[in-house]
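Here are my notes on the ligand site and the cavity. Please read them with the model open.

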Amino acid sequence: MSAQSPTVAHPSAFIRFNDLVGLLQTVFVRHGTSPEVARLLAHNCASAERDGAHSHGIFRIPGYLSTLASGWVDGKAIPVVDDVASGFVRVDAGNGFAQPALAAARSLLVDKARNAGIALLAIHNSHHFAALWPDVEPFAEEGLVALSVVNSMTCVVPHGADRPLFGTNPIAFAAPRADGPPIVFDLATSAIAHGDVQIAARKGERLPPGMGVDSLGQPTEDPKAVLEGGALLPFGGHKGSALSMMVELLAAALTGGNFSFEFNWADHPGARTPWTGQLLIVIDPSKTAGQSFAERSQELVRQMHAAGLRRLPGDRRHRTRAKSDEQGIEVDAHELAQLRELLL
Ligand SMILES: NC(=O)C1=CN([C@@H]2O[C@H](COP(=O)(O)OP(=O)(O)OC[C@H]3O[C@@H](n4cnc5c(N)ncnc54)[C@H](OP(=O)(O)O)[C@@H]3O)[C@@H](O)[C@H]2O)C=CC1
Ligand SMILES: O=C(O)C1=NCCCC1
C-alpha cells in the first residue's frame, strides 16, 4: 500500500465496521502481528475511520506495515503487567504496541479504581500510532472518568525555543453523563496533528496560519515545508507548550518510557511508530460525588447548551459514527482497494 499521488480526488466507497475490522485484522497478521495484536489494532483503526478521525484511520496502515517490516516494533510482543501497589499498575509493552498493553492491564486497573477510587496505569517500552480517545471512552461508558496522555516523536518547537523537541503529545479525557454518550475530548497539544499535515501535503492543501515553521524556523503554510525539515508549533503558545511538556513528563519520565527526542529510528528505514510511553488515570466518581456525577456532568452540558454552545467535543465523532452505522463507513475507494490488494 503506497502513498497516494497529491491533488487527485478519489471517489468514496462504503464498508461495514465489522468488515473493515476483519480486513484490517487479516492485513496485520499477514504483516507480522499476532492475531490478538491484529484484533486490537484493527478495532482501533476501524473505530477511528468509522468516527471520521481520518488522520488515524486507514491512512495509518502503510505506516504500521512499513514499521513492522523494518523490525522497529515487535508485533507479537506479550505485555508484562506488574501489580505495583494499591493504586498503580505498570506494564512493559515489550517494544510492542500500547493497545495490547492497555488491554492486558484493563481489568486490574478497573478493579483498583473501583476499590481505591483512583488507579494509575503506566505503560512503557510501547508504540502508540493511533487516536487516543478509544483508550478512554470505554471507561466512561462504564461510569468511570479517564484521562490519558501519550508522547510521540520530536516535531514540535517548544514555545520560545529554537528547534523541535516535543512530540504532538495528545491528551484525551472521558467522563460519563446522564443523558447521552460520555463527554470526550482528544487533542494534540501541537497546533495541528502530524497526521493532518501529511494529509494536507497529500491533497496539495495549505495549512492555516500559525501551525508550523520551515527548516529555517520561518512561519509557513506549506505542509511539505513542515514535513521536510520544518516543525510544528504548540497550540496556544506557552499554554499548549506547557501541556506538551506535562505530557512528556507523565507519559515518559513517570512511566519509564522514552521522551519524544530520546529514540533514534534511523537504523530502521520505514519505522513510523514513536517508541515512548503512555499514562492513564481512571477515577471512580461514585467515591467522591456519589451517584450524582453523571447528573452533574449532564447539568454542565445543559448549561453549556443554554449558553449558546452548539457543538460539544465528541459531537462530530458521534454524528459520523451514527452515519457510518447506518450507511457503512465512507472511505477513500483507492485506499480501500489498496488494502484489499494487500491480501491477494
Ligand atoms: N498517538 C499519538 O501520538 C498522537 C495521536 N494524535 C491523535 O490525533 C487526533 C487528532 O487530534 P487533533 O487534530 O488535535 O484533534 P482536533 O483538533 O480535530 O479535535 C480535538 C478535540 O476537539 C473537539 N473539537 C474540534 N473542533 C471543535 C469545535 N469546533 N467545537 C467543539 N469541539 C471541537 C474534537 O471533537 P470531535 O472529535 O467530535 O471533532 C476533539 O475532541 C486525536 O485523536 C489524537 O489522539 C495526535 C497526536 C499524536
Ligand atoms: O498525528 C500525529 O501527530 C501522530 N500520530 C501518531 C503518532 C505520531 C504522531
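Which strand and which helix each supply at least two residues of the lining of the largest cavity?

1. Strand 7 (183–187) and helix 11 (315–327) do. Helix 11 gives the most, with three residues. Helices (H or I, at least four residues) and strands (E, at least two) are DSSP runs, numbered from the N terminus.

2. The model is predicted: local features need pLDDT of at least 70, side-chain atom pairs count only at pLDDT 80 or more, and totals for chains, interfaces and linings use all residues. Residues are numbered from 1 along each chain as written, chains are lettered from A and ligands numbered from 1 in the order written, and side-chain values use heavy atoms, without hydrogens and water.

3. One cavity of 30 Å³ or more is counted. A cavity is a set of points, on a 1 Å grid over the protein atoms alone, where a 1.4 Å probe fits but cannot get out; lining residues have an atom within 4 Å of a point. The largest cavity holds about 50 Å³, the space filled by probe spheres set on grid points joined across faces, edges and corners.

4. The lining of that cavity includes R177, P181, L312, D315 and H318.

5. Polar contacts are pairs of N or O atoms within 3.5 Å. A polar side-chain atom of H56 lies 2.8 Å from a nitrogen atom of ligand 2. The T168 side chain puts an N or O atom 2.7 Å from a ligand 2 oxygen. For H194, a backbone N or O atom is 2.8 Å from an oxygen atom of ligand 2.

Technical notes
Polar contact = N/O pair within 3.5 Å; in protein donor to acceptor, adjacent residues only side chain to side chain. 1 Å grid on protein atoms, 1.4 Å probe; cavity = no way out; pocket = protein on both sides within 12 Å on 5 of 7 lines; lining within 4 Å.
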